[in-house]
Amino acid sequence: IISFGEGALPELRVLILKQNALTLTNGTNPTETDYAPLTQLLASTDWPNLEELDLRICCVGSEGGQVCAQGIAGGKFPKLRILNLCHARVRASGIVALGNALAEGKSPALQVLDVTGDLGEPAGGGEEWTAGLARAMDLSHLSHLSSLLAQTRADIFGEGFASLSQSLAKGKCPQIKILEINASTAHPGASVDEGVENLAGALRESKLPLLERLVLRAGLTEPAGGGPQAALGRGLGA
């Protein structure tokens, strides 16, 4: 990674580092990593005017996700509007840290959050990271969010998904235009029904008035006569 000194580029507004092995020291070998440069870049440098940070398809990893979260929680990106971590391998402790960091309210201008991809083991963090995201919404720290992209993940399920959709049902993110969620049904005892019903309520009560695109993958199989599938249908038809 290019080394940036403290305050070296105070006017930088867009930083695109996509498709780079940011943390790998030996080609594509995932066992040989160095997070010091990424820490310097994201957690130790102030970016007072940065609006877009694009780390998609990078080997950020869970540890790198924690570094990114540290920077957000530390107020390093006060004007951040777009955070793209699509297929950046941010899982488990990294995605949990990110959810909790957003709840600190230090990036209140965030409009686009893309955490698409990374179908890995959630390591018990799935419910926690979405709960953190829900807290950020409840505290009105994501009131400008227009796109939440979280497809092809294995860590959105159970109470965490229910909390997230409940926050949407409260009208805490009225600017959302694009909502893409992969609610996992692969975890024993972790139902997605409550989350789907909450989302149906948000649609029915017009809590997402600007919504233009909805992608929900939740493995719904109930007949049309009842259950969350029917509730979702009624919400879409409201």
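The model is predicted.

The protein has 238 residues, of which 50% count as buried. Its secondary structure comprises 7 helices and 7 strands. Read from the N terminus, the elements follow the order β-α-β-α-β-α-β-α-β-α-β-α-β-α. Among contacts with a separation of 6 or more, 85% join residues 24 or more positions apart. The accessible surface amounts to about 10,300 Å². Carbon and sulfur atoms contribute 48% of that surface.

Helices α2 and α3 form one of the pairs. Helix α2 spans residues 61-73, and helix α3 spans residues 92-102. Their axes come within 7 Å and cross at roughly 10 degrees. Angles under 35 degrees count as roughly parallel, and α2 is therefore roughly parallel to α3. On the α2 side, the contact involves Ser 62, Gly 65, Gln 66, Ala 69, Ile 72 and Ala 73. These meet Ala 92, Ser 93, Gly 94, Ala 97, Leu 98, Ala 101 and Leu 102 of α3. The contact of α2 with α3 holds 8 nonpolar and 5 polar residues. No charged residue takes part in the contact of α2 with α3.

Helices α6 and α7 form another pair. Helix α6 covers residues 193-204, and helix α7 covers residues 227-236. The two pack at an angle of about 15 degrees, with their axes 8 Å apart. At this angle α6 is roughly parallel to α7. The crossing of α6 and α7 is left-handed. From α6, the contact draws on Asp 193, Val 196, Glu 197, Ala 200, Leu 203 and Arg 204. From α7, the contact draws on Gly 227, Pro 228, Ala 231, Leu 232, Gly 235 and Leu 236. By class, the contact of α6 with α7 contains 7 nonpolar, 2 polar and 3 charged residues.

Definitions and conventions. Residues numbered from 1 in each chain as written. Predicted model: local features only at pLDDT ≥ 70, side-chain atom pairs only at ≥ 80, totals over all residues. Heavy atoms only, no water. Axes fitted to C-alpha atoms, helices over the stretch in contact; angles between N-to-C directions. Helix = DSSP H or I, 4+ residues; strand = E, 2+ residues; numbered from the N terminus. Parallel < 35°, antiparallel > 145°, perpendicular 65-115°, else oblique. Left-handed = near helix turned anticlockwise from the far one by under 90°. Contact = heavy atoms within 4.5 Å. Nonpolar A, V, L, I, M, F, W, Y, C, P; charged D, E, K, R; others polar. Buried < 20%, exposed > 50% of the residue type's maximum accessible area, 1.4 Å probe, protein only. Areas by Shrake-Rupley, 256 points an atom, 1.4 Å probe, with all protein chains shown as cover.
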